[in-house]
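Subject: Structure handover

Hello,

Here is the structure for you to look through. My notes follow below it.

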Amino acid sequence: MSRTQPSAPATPGRVRRLLDEVRPAVVPAKQRRPAGGGGSRLSEGDSRQPEGGSRPGPWRRGPVLTAGALLLGLLLPLHGTLTDRAGLGSLVETFLPWFGLLVPALLAGALLRRSATALVALLLPVTMWLHLFGGLLGDRSQAGGDLTVVSHNVAAENRDPAGTARELAASGADLLALEELTDRARGTYEKALAKAYPHHVVRGTVGLWSRLPLSDTRSVDVLRGMAGPLAETLRPEDMPVEPPRALRTTVATEKGPLAVYVAHLGSVRVTAGSGFWTDSRDAGATKLAAAVAAEHAKRLLVLGDFNGTTDDRAFDGLTSRLRSAQDVAGAGFGFSWPSSFPVARIDQILVRGVEPRSAWLLPATGSDHLPVAARISW
């Protein structure tokens, strides 16, 4: 039976050798040195990322921002190609100038991401917006003019029609077109405007007050008629009878006859079921365009509340034959609705055969629309 040999005594030299053997295992990794002293080393403050995890360069950053800028740049000139299903195209066109506000938002994102590609892509929407609307930013008005015209949706719920009439008469307009007249308020307007405007005609909910003689007045059909969901549930004889919403008359001026149309097209609505519903307005716009196309008068004005902007495809039949006084001779966009914070110009003064010299907005009245005015010359 063998016997265990006694352990060697723990001399100081042996203790140092044991410590040297175990020290590398407990030294922090950041203080280690590669064997032989060669190769690269990581210092305590080194923040470089390992290969394969580096950030993309400025030309590869922000792909979503770049795509958004390009889409915006294409939408502005090609808005007419958008589908109008659920009124999408019409809704976009109603607020088309406001899409320019997306440019500074995209610019801020591009600067934050330091994306050179997104910055370059933003040149497209900026160029397109300036091409479409840049000319409307300045003042295009000129001095002079032969006739001043005003159009105003006075609003059925207007609580102060007499005050509205006084303010409109104070504008000095030669022709004053009113829309959304009610039976209750009609007498008030007639009484308040009688002194300044000795001639006037009213058909249904629209009227024209004039300092000059009027003749050849008739109603113009701009009603929707038998179309849409209501027509599917009612017989023709059961359809409600609506009052006229447009008229045509002739104004006798010193320089010859002037044909004037006053129109209030159908309302638009945003609903959960049908989206941006414009059927009534679109039908009225088509009928009004047909009446204008058949008009033989050389000089023509179309005034009224269209419930839509001239950028809207629904009015192509009108804008292809007539010019907007605001676009030709106004200052800025001339937004007229709502009066508390106007975001769209849905009240129009369109002309043919005469020259707009200036166009502007009048102060707010008791209506939710602002009155629109223009001065024209022959």
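Where is the place of Thr205? Thr205 sits in the loop between strand 3 (199-203) and strand 4 (206-210). Helices (H or I, at least four residues) and strands (E, at least two) are DSSP runs, numbered from the N terminus.

First, the ground rules. This is a predicted model, in which local features need pLDDT of at least 70 and side-chain atom pairs count only at pLDDT 80 or more, while totals for chains, interfaces and linings use all residues. Residues are numbered from 1 along each chain as its sequence is written, and side-chain values use heavy atoms, with hydrogens and water left out.

Thr205 has a relative accessible area of 16%, so it is buried. Buried means under 20% relative accessible area, exposed over 50%, and partly exposed in between (1.4 Å probe, protein chains only). Contact means heavy atoms within 4.5 Å.

**The chain overall**

The protein chain has 12 helices and 14 strands. Of its 378 residues, 40% are buried. Take the contacts between residues at least 6 apart in sequence: 70% of them join residues at least 24 apart. The accessible surface of the chain is about 20800 Å². Carbon and sulfur atoms hold 58% of that surface. Areas come from the Shrake-Rupley method with a 1.4 Å probe; for residues, only the protein chains shown count as cover.

**Strand 2**

Strand 2 covers residues 175-179. 5 of its 5 residues are buried, so the rest of the structure largely encloses it. Leu175, Ala177 and Glu179 point one way from the strand. Leu176 and Leu178 point the other way. Strand 1 (residues 147-153) pairs with strand 2 in the parallel sense, over 5 bridges. Two strands pair if DSSP finds at least two bridges between them. His152 has Leu178 as its bridge partner in strand 2.

Glu180 lies in the loop between strand 2 and helix 8. Its phi is positive, about 65°, although Glu180 is not a glycine. Most residues other than glycine have a negative phi, and most peptide bonds are trans. At 22% relative accessibility, Glu180 counts as partly exposed.

A search of the whole structure finds 1 cavity of 30 Å³ or more. On a 1 Å grid over the protein atoms alone, a cavity is a set of points where a 1.4 Å probe fits but cannot get out; lining residues have an atom within 4 Å of a point. Grid points are joined across faces, edges and corners, and a volume is the space filled by probe spheres set on the points. The largest cavity holds about 40 Å³ of space. The lining divides into 6 nonpolar, 2 polar and 2 charged residues. Here Ala, Val, Leu, Ile, Met, Phe, Trp, Tyr, Cys and Pro count as nonpolar, Asp, Glu, Lys and Arg as charged, and the others, Gly among them, as polar.

6 strands form an open sheet with mixed pairing, in the order 5-6-7-10-12-11. Strand 5 (214-219) and strand 11 (323-324) stand at the edges, each with a single partner strand, so one side of each has no neighbour in the sheet. Strand 6 (residues 246-253) and strand 7 (residues 256-264) pair in the antiparallel sense over 8 bridges. Val251 has Leu258 as its bridge partner in strand 7.

Asp216 lies in strand 5. Asp216 is not a glycine, yet its phi is positive, near 55°. At 48% relative accessibility, Asp216 counts as partly exposed.

**Two more places to check**

Which peptide bond is cis, with omega near -10°? The bond from Trp337 to Pro338. Pro338 lies in the loop between helix 12 (325-329) and strand 12 (347-352).

Thr117 is in helix 5 (residues 116-121). Its relative accessibility is 22%, which counts as partly exposed. Thr117 and Thr66 are 51 residues apart along the chain, with 6.3 Å between their C-alpha atoms. Setting aside neighbours within four places in sequence, Thr117 is in contact with Pro58, Trp59, Arg60 and Thr66.

Best wishes

How values were computed
1 Å grid on protein atoms, 1.4 Å probe; cavity = no way out; pocket = protein on both sides within 12 Å on 5 of 7 lines; lining within 4 Å.
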